[in-house]
Amino acid sequence: MDISLPILIHLFAVTPAIGLGFLNLAMKKGTSLHKLFGRVWVALMIIASLISFLIQPTGSLTWLHLFAILVIVSVSIGTYAIYKQNQKLHLHCMSGAYIGTVISAIVAASVPGLLLHQLLF
């Protein structure tokens with residue numbers, strides 16, 4: 001199996017982001033560890049989202065790329081919100097981006113014979 005470089009980068013970014021996002025949502029907010037995990041998570045999410053535009057299994061962009069745009073916008077607004085001390089908006093943006101990422105990963109991996117097969121082969 002020959003996996004393209006964009007797919008590998010995407011997988012290596014999104015896989016730890018899913019675990020790290022879960023930990024960050026579960027841990028006490030505002031701690032140094034939460035902030036560190038959050039910064040790493042944001043970087044991984046931006047990398048995964050941007051590199052996804054190079055993954056075009058049908059030869060063009062797909063509906064999954066809409067989630068990448070949504071993640072970039074949501075994570076950016078969420079980051080800005082916490083710097084402005086708006087914890088409620090920060091929580092909504094970051095948890096929404098995380099939940100959307102998990103749903104997208106499940107859908108992309110479970111569409112029988114379509115997306116996953118096109119991505120890997």
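Predicted model: local features only at pLDDT ≥ 70, side-chain atom pairs only at ≥ 80, totals over all residues.
Residues are numbered from 1 along each chain as its sequence is written, and side-chain values use heavy atoms, with hydrogens and water left out.

**Exercise 1.** Describe the order of the elements in the protein.

*Solution.* Start with the count: the protein has 5 helices and 0 strands. Here helices (H or I, at least four residues) and strands (E, at least two) are DSSP runs, numbered from the N terminus. Reading from the N terminus then gives α-α-α-α-α.

**Exercise 2.** Work out how α1 and α2 are oriented to each other.

*Solution.* First take the geometry: the axes of α1 (residues 5-26) and α2 (residues 32-52) come within 8 Å and cross at roughly 150 degrees. Axes are lines fitted to C-alpha atoms, for helices over the stretch in contact, and angles run from 0 to 180 degrees between N-to-C directions. Next, apply the classes: under 35 degrees is roughly parallel, over 145 roughly antiparallel, 65 to 115 roughly perpendicular, and the rest oblique. α1 and α2 are therefore roughly antiparallel. Finally, look at the residues in contact (heavy atoms within 4.5 Å): Ile-9, Ala-13 and Leu-20 are among those of α1, and Phe-37, Trp-41 and Leu-44 among those of α2. By class, this contact has 17 nonpolar, 6 polar and no charged residues.

**Exercise 3.** Check the length of α3 against its residue count.

*Solution.* The expected span is 1.5 Å times one less than the number of residues. For the 20 residues of α3 (residues 64-83), that should be 28 Å; the end C-alpha atoms are 29 Å apart, which agrees.

**Exercise 4.** Find the buried residues of α3.

*Solution.* Buried means under 20% relative accessible area, exposed over 50%, and partly exposed in between (1.4 Å probe, protein chains only). In α3, Leu-64, His-65, Ala-68, Val-71, Ser-74, Val-75, Gly-78 and Ala-81 are buried. An α-helix has 3.6 residues a turn, so residues three or four places apart point the same way.

Technical notes: Nonpolar A, V, L, I, M, F, W, Y, C, P; charged D, E, K, R; others polar.
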